[in-house]
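This report describes a single protein chain for a reader who has the model at hand. Please consult the sequence and coordinates alongside the text.

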Amino acid sequence: MLRKDGVKRTNLRTPKAAAIVGIVFSIALFLAFWLLRVSVPTKSLTSDTWLGDHAKAITVALSLIPFAGIAFSWFVGVLRDRLGQREDRLFATVFLGSGLLFLAMLFSAAAVASAAVIVFSATPHQPIGTRLGLRQEFAR
């Protein structure tokens with residue numbers, strides 16, 4: 001099949017790539033969220049010993065986030081390429097904008113969480129309030 005610019009295009013590459021990249025994104029993000037879910041306690045967070053116990057799992061989960069984000073970017077790109085000229089301009093704009101916003105929030109949340117792990121690993125035996133520069137009366 002020839003496009004308008006004379007470049008031959010294979011039809012099986014794009015849908016297969018979208019499927020594979022979508023699955024990679026889903027697995028990486030699910031694994032990252034699952035590792036975070038089992039590492040962070042659901043009860044009161046008065047003690048910070050849980051962070052020392054699960055720092056490795058949290059670091060692995062946060063390391064998966066960039067790969068999931070890149071896979072999501074490729075997935076959005078392949079879907080937009082697949083829809084091509086049949087895609088509505090409003091839908092295309094909202095689809096791309098919401099995908100970029102999702103990635104920005106995902107990367108921002110991962111950066112904040114990794115900052116907490118980095119601060120903890122720098123001073124593991126110091127209470128949380130003193131690490132953050134808070135006075136004792138505000139740390140309660």
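The sections below treat the model, its overall fold, its core, its surface and selected residues.

## Basis of the model

The structure is a predicted model, in which local features need pLDDT of at least 70 and side-chain atom pairs count only at pLDDT 80 or more, while totals for chains, interfaces and linings use all residues. Residues are numbered from 1 along each chain as its sequence is written, and side-chain values use heavy atoms, with hydrogens and water left out.

## Overall fold

The protein chain contains five helices and zero strands, and its elements run α-α-α-α-α from the N terminus on. Helices (H or I, at least four residues) and strands (E, at least two) are DSSP runs, numbered from the N terminus.

Of the 140 residues in the protein chain, 24% count as buried. Buried denotes under 20% relative accessible area, exposed over 50%, and partly exposed the range in between (1.4 Å probe, protein chains only). Among contacts (heavy atoms within 4.5 Å) between residues at least 6 apart in sequence, 64% join residues at least 24 apart.

## Nonpolar core

A nonpolar core is a set of buried Ala, Val, Leu, Ile, Met, Phe, Trp, Tyr and Cys residues joined through side-chain atoms within 4.5 Å. The largest such core has 21 residues, and Phe 25, Leu 29 and Ile 65 have the most contacts inside it. Two or more residues are given to this core by each of α1, α3 (55-83) and α4 (89-122); α3 gives the most, with nine residues.

Phe 25 touches Ala 68, Ala 71, Phe 72 and Phe 102, when residues up to four places away in sequence are not counted. Phe 72 also has its C-alpha atom 6.9 Å from that of Gly 22, although the two residues are 50 apart along the chain. Gly 22 is found in helix α1 and counts as buried because its relative accessibility is 12%.

## Surface

The accessible surface of the protein chain comes to about 10,300 Å², of which 69% belongs to carbon and sulfur atoms. Accessible areas come from the Shrake-Rupley method with a 1.4 Å probe, and for residues only the protein chains shown count as cover.

Phe 30, Leu 31, Trp 34 and Val 38 make a nonpolar surface patch of about 420 Å². Patches are made of residues with over 30% relative accessible area and no salt bridge, with like charges joined within 9 Å and nonpolar side chains (Val, Leu, Ile, Met, Phe, Trp, Tyr) within 5 Å. A salt bridge is a side-chain nitrogen of Lys or Arg within 4 Å of a carboxyl oxygen of Asp or Glu. Trp 34 is found in helix α1 and is partly exposed, since its relative accessible area is 44%.

## Selected residues

Ser 39 lies in helix α1 (residues 13-39) and counts as buried, at 2% relative accessibility. A polar atom of the Ser 39 side chain lies 2.7 Å from the backbone oxygen of Leu 35.

Phe 95 lies in helix α4 and counts as partly exposed, at 23% relative accessibility. Phe 95 touches Val 76, Leu 79, Arg 80 and Glu 87, not counting residues up to four places away in sequence. Lys 56, in helix α3, is exposed, with a relative accessible area of 68%. Lys 56 and Val 117 are 61 residues apart in sequence and 9.6 Å apart in space, C-alpha to C-alpha.

Notes. A polar contact is a pair of N or O atoms within 3.5 Å; within protein, one must be able to donate a hydrogen and the other to accept it, and residues adjacent in sequence count only if both atoms are side-chain atoms.
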